Amino acid sequence: MAAFLFRRVLGMILVLAVVSFIVYLVFIVIPGGDPAIRIAGRTATQANIFSIRHKLGLDQPFYVQWYDMVKALFTGTLVSYSDQTNVVSQIWQGLPVTLSLSIGAGIIWLGFGVLVGVIAAVTAGKVSDRLITVLALIGVSMPVFWLGILLRYALAEQNSWFPDGGYVPLTQNPAQWFYHLILPWLTLAVLFIGFYGRVLRSNVLDTINEDYVRTAKAKGLSPRRILVRHVLRTSLIPIVTLFGLDFAAVLGGGAILTETVYDLHGVGFYARTAIGNLDLPPLMGVTLYGALFIVLFSTLVDVAYAYLDPRIRPA
Amino acid sequence: MATTGTEEFTLDTAAELAAEEGGGAAIQGRSPWVLAARRLRRNYVALAFLALFLLIVVCCLLAPVYSSHISGVGPNDTNINGTIVVNGQKLDVVSNGGITTLGNGQVKVVPAGVPIGPQWFNAGGKYVLGADNLGRDLATRILYGGENSLQIGLASAAITTLLSIVFALLAGYYGGVVDWIITRFFDLIWAFPVILLGIALGTALSINGFHHFGLDVSGSSLWIPTAVISYVYIPYIGRPLRGQVLALREKEFIEAAVAQGASSARIMVSEILPNLASSILVLFTLIVANTILTEAALSFLGAGVQPPNPSWGTLISDGESDIVTAPWWSIAPGVAIVLTVLSLNVFGDGLRDALDPRAKVRIEH
């Protein structure tokens with residue numbers, strides 16, 4: 001186990017290094033991407049541009065620039081090109097919003113996804129199954145941002161049942177925090193509920209025909225016990241993997257669309273602003289922050305996988 | 001999994017087929033493709049949604065015809081000060097604003113700059129789905145936008161699939177170092193949040209285009225979102241295919257081909273590839289649904305199709321700020337996306353059921 005973890009951590013560091021390097025290359029390769037020219041403005045002299053370039057270290061070889069930037073990121077001294085704000089503190093500022101959004105939505109989509117999948121599977125072929133299948137298909141076919149715009153229009157703008165976007169910190173007013181986040185949570189969760197429901201339904205249906213389930217039936221166990229202890233234990237394993245990776249992506253700035261539609265100034269929103277300004281340092285920060293979550297969670301998922309499924313436990 | 005409201009399929013065994021054709025007749029050999037086509041033909045829901053998808057494609061391809069014969073305006077023709085006649089009434093395409101006193105003494109206030117809503121067919125084909133704030137015909141823009149969205153979605157799915165096939169064949173067949181490099185490459189793409197990576201690349205490239213390695217692509221070219229989306233989805237198809245190649249590699253018929261002296265290229269192309277065909281078909285259908293959604297998301301955030309070129313995503317984004325006064329503007333292109341993606345998802349499911357009936361388990365109660 002220790003060797004397994006050591007290998008994974010080493011792999012994580014390698015992936016993060018390469019990811020950061022690619023982000024750097026993408027923004028070096030693009031023409032007109034020279035930040036010095038943009039910062040210097042329209043009436044800049046060649047000397048201005050040179051001095052800015054030198055100040056930002058842009059006259060160094062690109063691997064030196066990359067190293068300096070990553071070093072600045074880890075020591076917390078990295079500042080944005082466009083407004084000179086500290087990247088790490090900006091990400092910290094957005095973190096509570098993104099955490100609130102993704103944890104709440106994660107609970108909703110995991111809970112309802114499992115519920116919907118199990119109901120569909122045990123009533124396979126009946127009306128409830130068909131209805132769930134249709135709804136799940138529509139759910140996975142909807143663009144998240146469009147659903148968000150519609151919900152906001154119908155429930156917050158036409159009727160003021162919900163607040164019209166924005167975020168209230170949990171520490172300031174828990175009730176308002178919850179109230180403001182209901183629509184974003186639902187919006188983000190719908191796609192995943194449909195997807196998880198479909199995956200779980202087919203997993204359960206596959207598992208039900210396994211020999212060991214027949215054995216359990218033959219032993220005279222109650223259908224409920226068979227479903228919970230025998231069928232679900234196996235069928236939920238792929239869901240754990242999916243959840244780990246999806247949750248990491250949402251946490252790491254993947255909720256950028258939902259955050260944009262509902263004016264939630266989280267990490268995704270910050271990334272979007274940075275991209276709009278072609279501001280490399282924040283983008284580097286957010287991408288590494290997102291990749292960190294994804295790599296971390298995929299390691300956790302592997303550990304959880306080994307725990308849940310003895311068949312693949314590393315020797 | 002299952003498509004909606006269809007009968008459960010059964011495996012067509014040779015005996016069943018023979019029985020259907022008059023019992024005693026000699027059992028005819030049928031390829032798996034013929035059997036799959038038979039199963040698909042019985043799945044009316046999947047076929048209906050395939051028809052819907054094809055209908056959408058044809059409609060979008062006919063956008064120029066619609067523009068010249070029905071709406072009479074191009075996708076980017078503005079008409080801010082124009083008026084149209086509906087049922088004998090003269091209406092502003094984009095309201096000038098003002099206060100009118102109605103017959104019963106009520107005062108009606110019209111804000112300025114509100115575009116005209118859906119006229120359906122009351123205005124002789126003009127503004128069927130309403131207008132936007134520049135007086136452009138929304139239906140025309142949705143059709144032209146659909147052409148862009150579908151083109152990007154289909155092209156990027158095709159490129160992703162092709163690249164994934166090559167990577168999967170190389171990784172699965174050669175194994176060892178080649179496999180290690182390719183799987184790490186998949187992991188690397190996987191480690192980026194798809195949407196973040198897409199936006200970063202899309203924005204970076206759309207500013208001045210791409211002028212390296214002998215390629216000359218302008219910033220507003222549709223090839224930029226296409227390339228970005230196809231890159232982002234490579235591991236989503238490459239991983240499952242690689243797994244299948246790994247399994248096929250160990251089969252006896254590959255050993256036989258090796259023993260016969262077939263070259264590696266020949267084994268990959270004529271022995272392994274045909275066995276992947278059904279998976280590729282299903283994965284392609286389902287990935288098109290995803291690439292269309294991703295294109296919409298990128299364009300919505302301004303990192304995909306560049307204005308004034310319409311796409312379903314940019315249309316939703318254009319209408320977002322005016323959703324209260326002109327809800328149709330954002331809603332209509334969204335409906336187009338949902339219908340397209342839904343039809344692909346349902347058909348893709350039906351296709352999978354038809355090609356791999358064992359994946360569908362019959363439940364005994």
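1. Domain 1 of chain A brings 15 residues to the contact and domain 2 of chain A brings 16 residues, where contact means heavy atoms within 4.5 Å.

2. A word on reading the numbers: residues are numbered from 1 along each chain as its sequence is written, and chains are lettered from A and ligands numbered from 1 in the order in which they are written. In this predicted model local features need pLDDT of at least 70, side-chain atom pairs count only at pLDDT 80 or more, and totals for chains, interfaces and linings use all residues, while side-chain values use heavy atoms, with hydrogens and water left out.

3. How much area do domain 1 of chain A and domain 2 of chain A bury between them? The figure is about 1,500 Å², and 84% of it is on carbon and sulfur atoms. Buried area here is the accessible area (1.4 Å probe) that two parts lose on being put together, summed over both.

4. Chain A has 13 helices and 0 strands. Helices (H or I, at least four residues) and strands (E, at least two) are DSSP runs, numbered from the N terminus. The C-alpha trace of chain A spans about 85 × 60 × 35 Å along its principal axes.

5. Now look at one helix pair in chain A. Helix α6 (residues 127–140) of chain A and helix α8 (residues 174–208) of chain A have axes that come within 8 Å and cross at roughly 135 degrees. Axes are lines fitted to C-alpha atoms, for helices over the stretch in contact, and angles run from 0 to 180 degrees between N-to-C directions. α6(A) and α8(A) are therefore oblique to each other: angles under 35 degrees count as roughly parallel, over 145 as roughly antiparallel, 65 to 115 as roughly perpendicular and the rest as oblique.

6. Is the crossing of α6(A) and α8(A) left-handed or right-handed? This crossing is left-handed; that is the word if the near helix is turned anticlockwise from the far one by less than a right angle, and right-handed is used if clockwise. Residues in the contact include Leu137(A) of α6(A) and Phe195(A) of α8(A). By class, the contact of α6(A) with α8(A) has 6 nonpolar, 3 polar and 3 charged residues. Ala, Val, Leu, Ile, Met, Phe, Trp, Tyr, Cys and Pro count as nonpolar, Asp, Glu, Lys and Arg as charged, and the others, Gly among them, as polar.

7. On to chain B, whose domain assignment gives domain 1 (49–63 + 138–355) and domain 2 (79–133). The C-alpha centres of domain 1 of chain B and domain 2 of chain B are 41 Å apart. In chain B, 10 residues of domain 1 touch 11 residues of domain 2. About 790 Å² is buried between domain 1 of chain B and domain 2 of chain B, with carbon and sulfur atoms giving 69%. On the domain 1 side of chain B, Leu138(B), Trp328(B) and Trp329(B) lose the most area to domain 2 of chain B, together 57% of what that side buries.

8. Leu138(B) belongs to the α5(B) side of a contact that has Trp328(B) and Trp329(B) on the α13(B) side. The axes of helix α5 (residues 138–174) of chain B and helix α13 (residues 327–355) of chain B come within 11 Å, crossing at roughly 40 degrees. That makes α5(B) oblique to α13(B), and their crossing is right-handed. The residues of this contact of α5(B) with α13(B) divide into 8 nonpolar, 1 polar and no charged.

Definitions and conventions:
Domains from an automatic or database assignment.
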